[in-house]
Amino acid sequence: MLSAEPQQKIAAAKAAYQQGDHAKAAELWQSLALDGNATAQFELAKLYSLGHGVEQDALQAAYWLEQAASASTDFAESARAQRDIANGLTQLKAQQQAADAAAAAAVPVATAASTASLSAPPPVATVTVAAAPKTTAVQRTVQKAAGPELPVKALADARFDSGLRAFERQNYAEAFSHWYPLAESGQAEAQFNLAAIYANGYGINSDQLAAARWFSAAAEQGMAQAQYHLAVAHANGKGVAQDDALAVYWYQKAAEQQYSLAQYNLGFMYANGRGVTQDEASALLWYERSAQQGDVDAQFIVAGRYQDGRGAKADVNKAIAWYQRALAQNHSRAAFQLAQFYLQGLGVAKNESRAFELFSRAATQGVVEAQRETGISYSLGRGVRNNDSKATELLQQACSAEDMAACFYLAQHVTEGRGVKADAARGMQLFQQAAKAGNAEAQFRLGQMLSAGQGVAVNETAAFNWFLQAAKQGHAEAQYLTGLRLANGTGVAQNDAEAVKWYRLAATQGVLYAQYNLGFMYGAGRGVPQDDAQALIWYIKVAEQGDADAQFNLGQRFETGRGARQDDRQAVVWYQKAAAQNHQRAIAHLGYMYEKGYGVSLDERKALELYQQSLAAKVPRALTALGLFYKNGRQVKADDKKAVELFAQAAEQGYANAQYNLGWMYEYGRGVSKDLVKARDLYQQAAEQSEPLAQAQLSRLLNP
């Protein structure tokens with residue numbers, strides 16, 4: 001009910017079954033089984049064979065087992081399912097023989113009080129369904145009924161209350177002898193109780209056909225309980241041909257008399273399109289009527305529908321109100337759902353302590369997800385004092401129940417030795433268990449461990465494959481790292497186009513580095529056609545989030561007009577933002593803007609300070625400019641040796657203007673011994689980069 005994803009539905013069904021909510025498990029398995037899910041078909045076959053959450057029905061069990069076997073290629077799984085069903089039937093038979101009188105009474109008998117309840121019900125809004133045929137197969141059977149299976153009293157001697165007292169003493173033959181003649185005479189309560197005897201095999205062999213026959217007789221007289229059980233018989237094909245339309249007809253008859261179980265099942269029929277056109281609004285209407293009468297499962301379902309907006313506009317306040325009503329009846333999953341609301345601050349004030357209290361309550365009732373969340377709360381100190389020992393205990397419980405998120409968190413504790421002795425091998429095993437089951441966080445962590453050689457040998461190929469698995473599930477960081485490895489050819493063949501694809505997916509999820517790298521790919525034309533405008537869009541996104549590299553890059557683009565309209569003022573703005581984060585290259589470029597008066601008032605003293613501040617970054621333009629300050633004695637005492645040192649650092653990086661200035665110092669012996677050969681070589685290097693002053697000096701030296 002909580003998710004449309006098959007894996008999540010399967011997990012929810014398993015959890016419901018483990019906590020004893022067989023009806024909920026059956027509903028979830030059936031939804032998946034009808035969609036062709038083989039696992040669900042196997043599980044549904046088991047439920048029908050055991051009568052867990054559904055009426056026991058060997059034919060339905062055989063049908064779903066056959067469907068699952070035909071869709072599955074896992075013959076071992078098929079064989080296990082068949083063994084489970086056979087063992088379950090044997091066990092059930094033994095239980096019924098051992099405690100016949102205490103067996104679950106699927107159909108209660110009517111009492112004297114139930115007779116009084118048949119007065120005219122208050123008017124209720126109805127949902128129109130097709131009218132039932134005037135004469136059903138069940139009714140025709142009533143007309144042809146054989147005689148009674150046990151001796152019966154004369155009608156004049158038969159007493160309903162005497163039969164009831166006999167039934168309570170488990171004298172079923174005596175009860176039968178009183179009720180049978182009354183049922184034949186048309187007394188609805190006797191007909192219903194007679195149906196109960198046949199349905200449950202009290203004192204006679206179970207006879208579903210006879211049960212349906214007498215349910216039909218009582219139902220025709222307007223008895224809500226009988227109408228409900230007749231509907232169940234039609235829905236499951238017990239004693240009558242399976243007919244969802246007739247089931248809906250009789251469910252509605254009983255539902256209109258405020259019979260809660262019928263209202264619940266009518267909601268189910270509308271929700272699943274059985275016997276009627278699927279209609280979420282009508283499903284909610286009937287579930288809610290059942291919930292208003294106190295049916296705790298209906299309350300939980302109604303809450304979930306208001307939470308998800310199924311059948312009505314999503315309404316978190318109504319969802320919370322219904323979850324609270326279910327919680328008041330100790331519904332374990334309602335406690336879990338409410339805990340999530342408090343944890344997230346959704347519809348209520350965020351309260352981690354209250355969330356922990358509710359998670360703990362559900363955990364003690366066996367809700368696996370709650371065991372996981374309680375464990376996480378102990379691990380993180382979320383709403384409770386940190387306790388790693390309790391965290392590992394609860395996470396182990398949930399992991400043992402195949403909750404892979406719990407296995408992931410448990411793996412962290414085991415790997416780090418938190419609350420348990422550190423065991424790298426077991427931690428890796430748990431990570432792999434969760435990763436292979438599809439847990440994206442575990443897949444991502446495995447990728448990190450294999451890449452860093454954490455507890456294992458470095459294996460970049462395996463690391464890439466796990467990052468890729470997590471990325472395919474939408475894990476944003478994994479998408480970024482998948483793109484990065486494709487761009488660099490780490491653990492996989494280099495592929496810029498694929499790198500761009502994963503960068504974009506991560507970028508749209510807000511991963512800053514992915515946005516920056518996507519801008520780079522557009523700017524460089526790697527994996528996509530070169531597009532400075534697109535590059536600018538992504539750099540702006542990153543820069544606005546405060547990334548200093550992106551702010552510096554943006555400053556350069558506005559300064560040079562590359563991919564953006566040339567704008568010195570904007571260049572200064574972005575250089576200043578990056579410089580405020582101590583971005584050395586931005587500081588150097590900002591110094592140049594102050595020196596030249598570009599986008600800001602000319603200020604050589606400020607320029608000098610910024611150049612000196614950025615020395616560690618060895619930015620060629622800044623080194624050269626600072627060298628000129630020392631060469632010419634501007635703002636500082638002239639120092640040719642210092643100037644040569646600075647020019648040399650920039651020239652080694654291939655900066656043409658520095659090569660020219662260093663050549664000039666060698667030509668005239670300023671700060672170094674005069675050396676025309678070195679001067680010529682430096683001029684040559686600068687001239688090859690189209691440095692005009694170097695070209696002129698080189699021409700003069702070569703043509704004296």
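1. At the start of helix α22, the backbone nitrogen of Ala405 has a side-chain oxygen of Asp403 within 3.2 Å. The model discussed here is a predicted one. Helix α22 covers residues 404-416, which makes 13 residues. From its first C-alpha to its last, α22 reaches 18 Å, close to the 18 Å expected at 1.5 Å a residue. After α22 comes Gly417, with a positive phi near 70°.

2. How many of the 13 residues of α22 are buried? Ten are, and the helix is mostly covered. Among the buried residues are Met404, Cys407, Phe408, Leu410 and Val414. Gln412, His413 and Thr415 are buried too. The cover over the buried residues of α22 includes α20, α21 (388-400), α23 (424-436) and α24 (440-452).

3. The model has 28 aromatic pairs. One of them joins Phe356 and Tyr378, whose ring centres are 5.1 Å apart; their planes stand at 85°, so this pair is edge-to-face. Phe356 belongs to helix α19 (residues 352-364) and Tyr378 to helix α20 (residues 368-380), so the pair ties together parts 22 residues apart in sequence. Helix α20 is also among the elements that cover the buried residues of α22.

4. Are the two partners of this pair buried or exposed? Phe356 has a relative accessible area of 12% and is buried. Tyr378 is buried as well, with a relative accessible area of 12%. The cut-off for buried is under 20%, so both values qualify.

5. Elsewhere, ring pairs link five residues into a cluster: Phe160, Phe167, Tyr172, Trp179 and Tyr202.

6. Another arginine, Arg485, lies in helix α26 (residues 476-488). Why does Arg485 count as buried? Its relative accessibility is 9%, and buried means under 20%, so Arg485 falls in that class.

7. Which side chain makes a polar contact with that of Arg485? The partner is Glu460, and the contact is 2.5 Å. Glu460 is also one of the residues that Arg485 touches, not counting residues up to four places away in sequence.

Technical notes: Residues numbered from 1 in each chain as written. Predicted model: local features only at pLDDT ≥ 70, side-chain atom pairs only at ≥ 80, totals over all residues. Heavy atoms only, no water. Helix = DSSP H or I, 4+ residues; strand = E, 2+ residues; numbered from the N terminus. Buried < 20%, exposed > 50% of the residue type's maximum accessible area, 1.4 Å probe, protein only. Polar contact = N/O pair within 3.5 Å; in protein donor to acceptor, adjacent residues only side chain to side chain. Contact = heavy atoms within 4.5 Å. Phe/Tyr/Trp six-rings, centres within 6.5 Å; stacked < 30°, edge-to-face > 60°. Expected span 1.5 Å × (residues − 1).
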